[in-house]
Amino acid sequence: MNISGSTIAALVVGGLLAIIIPIAAIIVYKRRRKDAWLISALIGAGTFLVFAFILEQILHTVMLPVVSGNKILYCIYGCLAAGVFEETGRFIAYKAFMKNHRSAQNAVMMGLGHGGFEAMALLGAGLLSNALVAVNVNAVGLDVFVEQATMGNAELAETVRLQIDAIAQSGFGSIALGLFERMIAMAFHVCMSVIVYKSAQKGKFILFPAAILLHALLDSVAVMYQVGVITSLSSVYIPMVIMTAAVAVPAYKIVKSEKRVEAQ
(Lines give C-alpha, C1' and ligand atoms only; values in the text may rest on other atoms or scores of the structure.)
Protein backbone atom coordinates (compact mmCIF):
# COMPACT_ATOMS: atom_id res chain seq x y z
CA MET A 1 0.00 0.00 0.00
CA ASN A 2 1.31 3.43 -0.96
CA ILE A 3 -0.35 6.58 0.30
CA SER A 4 -0.37 9.26 -2.39
CA GLY A 5 1.75 12.36 -2.22
CA SER A 6 -1.38 14.52 -2.65
CA THR A 7 -2.90 12.95 0.46
CA ILE A 8 0.25 13.61 2.49
CA ALA A 9 0.37 17.19 1.17
CA ALA A 10 -3.27 17.72 2.14
CA LEU A 11 -2.61 16.39 5.64
CA VAL A 12 0.42 18.65 6.12
CA VAL A 13 -1.21 21.77 4.68
CA GLY A 14 -4.41 21.19 6.66
CA GLY A 15 -2.50 20.53 9.87
CA LEU A 16 -0.41 23.66 9.50
CA LEU A 17 -3.44 25.82 8.68
CA ALA A 18 -5.26 24.50 11.75
CA ILE A 19 -2.35 25.83 13.81
CA ILE A 20 -1.57 29.02 11.87
CA ILE A 21 -5.13 30.37 11.51
CA PRO A 22 -5.91 30.55 15.27
CA ILE A 23 -2.52 32.15 16.01
CA ALA A 24 -3.06 34.65 13.18
CA ALA A 25 -6.54 35.46 14.51
CA ILE A 26 -5.12 36.22 17.96
CA ILE A 27 -2.35 38.40 16.49
CA VAL A 28 -4.77 40.33 14.25
CA TYR A 29 -7.20 40.94 17.12
CA LYS A 30 -4.38 42.08 19.39
CA ARG A 31 -3.20 44.53 16.74
CA ARG A 32 -6.74 45.91 16.37
CA ARG A 33 -7.37 46.10 20.11
CA LYS A 34 -3.98 46.98 21.53
CA ASP A 35 -5.35 47.16 25.06
CA ALA A 36 -6.61 43.56 24.91
CA TRP A 37 -4.91 41.33 27.50
CA LEU A 38 -2.98 38.70 25.56
CA ILE A 39 -2.88 36.42 28.61
CA SER A 40 -6.64 35.99 28.12
CA ALA A 41 -5.90 33.77 25.11
CA LEU A 42 -3.60 31.59 27.21
CA ILE A 43 -6.25 31.37 29.92
CA GLY A 44 -8.76 30.30 27.27
CA ALA A 45 -6.39 27.62 25.99
CA GLY A 46 -5.67 26.44 29.53
CA THR A 47 -9.38 26.31 30.30
CA PHE A 48 -9.99 24.00 27.36
CA LEU A 49 -7.01 21.84 28.28
CA VAL A 50 -8.05 21.36 31.90
CA PHE A 51 -11.83 21.15 31.59
CA ALA A 52 -12.25 19.45 28.18
CA PHE A 53 -9.05 17.43 27.74
CA ILE A 54 -8.62 16.29 31.34
CA LEU A 55 -11.71 16.58 33.54
CA GLU A 56 -14.29 15.81 30.85
CA GLN A 57 -12.27 12.82 29.62
CA ILE A 58 -12.12 11.43 33.17
CA LEU A 59 -15.91 11.56 33.35
CA HIS A 60 -16.14 9.91 29.91
CA THR A 61 -14.26 6.87 31.19
CA VAL A 62 -17.02 6.39 33.75
CA MET A 63 -20.09 7.45 31.80
CA LEU A 64 -19.52 6.24 28.23
CA PRO A 65 -19.70 2.52 29.15
CA VAL A 66 -23.00 3.30 30.90
CA VAL A 67 -24.70 5.27 28.09
CA SER A 68 -23.11 3.77 24.96
CA GLY A 69 -25.78 1.08 24.62
CA ASN A 70 -28.63 3.61 24.49
CA LYS A 71 -28.71 6.19 21.69
CA ILE A 72 -30.99 8.56 23.57
CA LEU A 73 -28.89 8.54 26.75
CA TYR A 74 -25.70 8.79 24.70
CA CYS A 75 -27.01 11.84 22.85
CA ILE A 76 -28.19 13.56 26.03
CA TYR A 77 -24.92 12.90 27.82
CA GLY A 78 -22.79 13.78 24.78
CA CYS A 79 -24.62 17.08 24.26
CA LEU A 80 -24.48 18.18 27.88
CA ALA A 81 -20.96 17.06 28.85
CA ALA A 82 -19.03 19.49 26.66
CA GLY A 83 -21.36 22.39 27.49
CA VAL A 84 -21.19 21.82 31.24
CA PHE A 85 -17.42 21.40 31.39
CA GLU A 86 -16.35 24.08 28.91
CA GLU A 87 -18.78 26.79 30.00
CA THR A 88 -18.12 26.05 33.68
CA GLY A 89 -14.41 26.28 32.93
CA ARG A 90 -14.91 29.67 31.32
CA PHE A 91 -17.02 30.93 34.22
CA ILE A 92 -14.45 29.80 36.80
CA ALA A 93 -11.63 31.35 34.74
CA TYR A 94 -13.39 34.72 34.74
CA LYS A 95 -14.01 34.56 38.48
CA ALA A 96 -10.61 33.18 39.52
CA PHE A 97 -8.04 34.39 36.97
CA MET A 98 -9.53 37.44 35.27
CA LYS A 99 -10.98 39.42 38.17
CA ASN A 100 -9.06 42.54 37.13
CA HIS A 101 -9.27 41.90 33.41
CA ARG A 102 -12.95 41.12 32.82
CA SER A 103 -13.99 42.97 29.68
CA ALA A 104 -15.67 42.13 26.39
CA GLN A 105 -12.44 42.50 24.42
CA ASN A 106 -10.62 40.13 26.75
CA ALA A 107 -13.56 37.74 26.48
CA VAL A 108 -13.05 37.73 22.70
CA MET A 109 -9.36 37.05 23.24
CA MET A 110 -10.19 34.25 25.66
CA GLY A 111 -12.56 32.69 23.11
CA LEU A 112 -9.87 32.83 20.43
CA GLY A 113 -7.50 31.04 22.78
CA HIS A 114 -10.09 28.44 23.77
CA GLY A 115 -11.35 27.67 20.26
CA GLY A 116 -7.91 28.11 18.73
CA PHE A 117 -6.29 25.60 21.06
CA GLU A 118 -9.12 23.15 20.33
CA ALA A 119 -8.47 23.50 16.58
CA MET A 120 -4.72 23.02 17.07
CA ALA A 121 -5.07 20.03 19.38
CA LEU A 122 -7.93 18.19 17.71
CA LEU A 123 -7.34 18.94 14.05
CA GLY A 124 -3.84 20.36 13.61
CA ALA A 125 -1.98 17.80 15.71
CA GLY A 126 -4.16 14.99 14.39
CA LEU A 127 -3.54 15.82 10.72
CA LEU A 128 0.20 16.24 11.19
CA SER A 129 0.33 12.96 13.11
CA ASN A 130 -1.53 11.25 10.27
CA ALA A 131 0.92 12.74 7.77
CA LEU A 132 3.81 11.25 9.76
CA VAL A 133 2.07 7.87 9.78
CA ALA A 134 1.55 8.09 5.99
CA VAL A 135 5.23 8.87 5.41
CA ASN A 136 6.30 5.94 7.60
CA VAL A 137 3.88 3.56 5.86
CA ASN A 138 5.33 4.55 2.49
CA ALA A 139 8.88 4.17 3.82
CA VAL A 140 8.63 0.65 5.31
CA GLY A 141 5.47 -0.77 3.78
CA LEU A 142 2.05 -1.34 5.32
CA ASP A 143 2.69 -4.83 6.71
CA VAL A 144 5.97 -3.90 8.38
CA PHE A 145 4.50 -0.70 9.83
CA VAL A 146 1.48 -2.53 11.27
CA GLU A 147 3.71 -5.25 12.72
CA GLN A 148 5.97 -2.69 14.37
CA ALA A 149 3.06 -0.57 15.64
CA THR A 150 1.07 -3.47 17.13
CA MET A 151 3.89 -5.84 18.13
CA GLY A 152 2.02 -8.75 16.57
CA ASN A 153 -1.36 -8.13 18.23
CA ALA A 154 -3.81 -9.35 15.57
CA GLU A 155 -6.88 -7.55 16.95
CA LEU A 156 -5.02 -4.26 17.26
CA ALA A 157 -3.49 -4.77 13.82
CA GLU A 158 -6.94 -4.78 12.21
CA THR A 159 -7.80 -1.51 13.94
CA VAL A 160 -4.54 0.08 12.78
CA ARG A 161 -5.15 -1.07 9.19
CA LEU A 162 -8.60 0.52 9.23
CA GLN A 163 -7.10 3.76 10.56
CA ILE A 164 -4.47 3.77 7.82
CA ASP A 165 -7.16 3.12 5.18
CA ALA A 166 -9.00 6.18 6.50
CA ILE A 167 -5.80 8.25 6.30
CA ALA A 168 -5.21 7.10 2.72
CA GLN A 169 -8.69 8.27 1.72
CA SER A 170 -8.09 11.79 3.07
CA GLY A 171 -7.94 14.58 0.54
CA PHE A 172 -8.02 18.36 0.27
CA GLY A 173 -11.83 18.33 0.15
CA SER A 174 -12.42 16.39 3.36
CA ILE A 175 -9.67 18.26 5.19
CA ALA A 176 -11.07 21.62 4.03
CA LEU A 177 -14.40 20.59 5.55
CA GLY A 178 -12.62 19.77 8.79
CA LEU A 179 -10.98 23.20 8.79
CA PHE A 180 -14.32 24.85 8.07
CA GLU A 181 -15.89 23.03 11.01
CA ARG A 182 -13.07 24.10 13.37
CA MET A 183 -13.30 27.73 12.28
CA ILE A 184 -17.06 27.74 12.89
CA ALA A 185 -16.40 26.14 16.29
CA MET A 186 -13.79 28.80 17.07
CA ALA A 187 -16.27 31.55 16.22
CA PHE A 188 -18.83 29.84 18.47
CA HIS A 189 -16.31 29.71 21.33
CA VAL A 190 -15.67 33.44 20.96
CA CYS A 191 -19.41 34.12 21.23
CA MET A 192 -19.77 31.80 24.24
CA SER A 193 -16.81 33.46 25.94
CA VAL A 194 -18.47 36.85 25.57
CA ILE A 195 -21.82 35.57 26.87
CA VAL A 196 -20.23 33.79 29.85
CA TYR A 197 -18.17 36.92 30.54
CA LYS A 198 -21.44 38.80 30.86
CA SER A 199 -22.81 36.07 33.16
CA ALA A 200 -19.88 36.66 35.53
CA GLN A 201 -21.18 40.18 36.20
CA LYS A 202 -23.50 40.84 39.11
CA GLY A 203 -27.12 40.05 38.34
CA LYS A 204 -26.35 38.30 35.02
CA PHE A 205 -25.78 34.73 36.25
CA ILE A 206 -28.77 33.42 34.26
CA LEU A 207 -26.63 33.73 31.13
CA PHE A 208 -24.36 30.97 32.45
CA PRO A 209 -26.90 28.10 32.30
CA ALA A 210 -28.16 29.61 29.04
CA ALA A 211 -24.63 29.27 27.63
CA ILE A 212 -24.51 25.60 28.70
CA LEU A 213 -27.80 24.90 26.92
CA LEU A 214 -26.68 26.76 23.78
CA HIS A 215 -23.44 24.76 23.73
CA ALA A 216 -25.39 21.52 24.19
CA LEU A 217 -27.70 22.49 21.33
CA LEU A 218 -24.77 23.07 18.99
CA ASP A 219 -23.18 19.75 19.94
CA SER A 220 -26.46 17.87 19.50
CA VAL A 221 -26.15 17.68 15.71
CA ALA A 222 -22.59 16.35 15.88
CA VAL A 223 -23.54 13.75 18.50
CA MET A 224 -26.55 12.63 16.43
CA TYR A 225 -24.23 12.28 13.44
CA GLN A 226 -21.88 10.09 15.50
CA VAL A 227 -24.67 7.68 16.43
CA GLY A 228 -26.15 7.61 12.92
CA VAL A 229 -29.34 9.55 13.60
CA ILE A 230 -28.09 12.16 11.13
CA THR A 231 -26.28 10.74 8.10
CA SER A 232 -25.54 13.82 6.01
CA LEU A 233 -22.64 16.14 6.78
CA SER A 234 -24.60 19.06 5.37
CA SER A 235 -27.19 18.35 8.07
CA VAL A 236 -24.40 18.93 10.59
CA TYR A 237 -22.69 21.98 9.14
CA ILE A 238 -25.80 23.99 8.22
CA PRO A 239 -27.25 23.96 11.79
CA MET A 240 -23.76 24.74 13.15
CA VAL A 241 -23.53 27.84 10.98
CA ILE A 242 -27.08 28.95 11.81
CA MET A 243 -26.60 28.49 15.57
CA THR A 244 -23.23 30.24 15.54
CA ALA A 245 -24.73 33.15 13.62
CA ALA A 246 -27.61 33.26 16.12
CA VAL A 247 -25.36 33.47 19.21
CA ALA A 248 -23.12 35.97 17.42
CA VAL A 249 -25.94 38.54 17.58
CA PRO A 250 -26.10 38.91 21.39
CA ALA A 251 -22.32 38.53 21.66
CA TYR A 252 -21.82 41.35 19.16
CA LYS A 253 -24.29 43.55 21.04
CA ILE A 254 -22.40 42.98 24.29
CA VAL A 255 -19.08 43.95 22.69
CA LYS A 256 -20.57 46.99 20.95
CA SER A 257 -22.33 48.24 24.09
CA GLU A 258 -19.07 48.06 26.04
CA LYS A 259 -17.26 49.96 23.29
CA ARG A 260 -19.86 52.72 23.50
CA VAL A 261 -19.36 52.95 27.26
CA GLU A 262 -15.58 53.18 26.79
CA ALA A 263 -16.02 55.95 24.21
CA GLN A 264 -18.08 58.14 26.55
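Author: Let us begin with Leu 179, which is buried, with a relative accessible area of 11%. Buried means under 20% relative accessible area, exposed over 50%, and partly exposed in between, with a 1.4 Å probe and protein chains only. The model is a predicted one, in which local features need pLDDT of at least 70 and side-chain atom pairs count only at pLDDT 80 or more, while totals for chains, interfaces and linings use all residues. Residues are numbered from 1 along each chain as its sequence is written, and side-chain values use heavy atoms, leaving out hydrogens and water.

Reader: Where is the place of Leu 179?

Author: Leu 179 is found in helix α7, residues 172-199. Helices (H or I, at least four residues) and strands (E, at least two) are DSSP runs, numbered from the N terminus. The C-alpha atoms of Leu 179 and Val 196, 17 residues apart along the chain, are separated by 25 Å.

Reader: How is a pair of aromatic rings described?

Author: Such a pair is described by the distance of the centres and the angle of the planes. Rings of Phe, Tyr and Trp (its six-membered ring) pair if their centres lie within 6.5 Å; planes under 30 degrees apart count as stacked, over 60 as edge-to-face and the rest as tilted. By this rule there are 8 aromatic pairs. One of them joins Phe 48 and Phe 53, and is tilted, at 5.2 Å centre to centre and 55° between the planes.

Reader: Is Phe 48 buried or exposed?

Author: Phe 48 is buried, with a relative accessible area of 3%, whereas Phe 53 is partly exposed, at 32%.

Reader: Why is the pair of Phe 48 and Phe 117 edge-to-face?

Author: The ring centres of Phe 48 and Phe 117 are 6.1 Å apart and their planes stand at 65°, so the pair is edge-to-face. This pair links distant parts of the chain, with Phe 48 in helix α2 (residues 39-67) and Phe 117 in helix α4 (residues 104-140), 69 residues apart. Phe 117 counts as partly exposed, at 24% relative accessibility.

Reader: Which residues form one aromatic cluster?

Author: One aromatic cluster is formed by Phe 48, Phe 53 and Phe 117.
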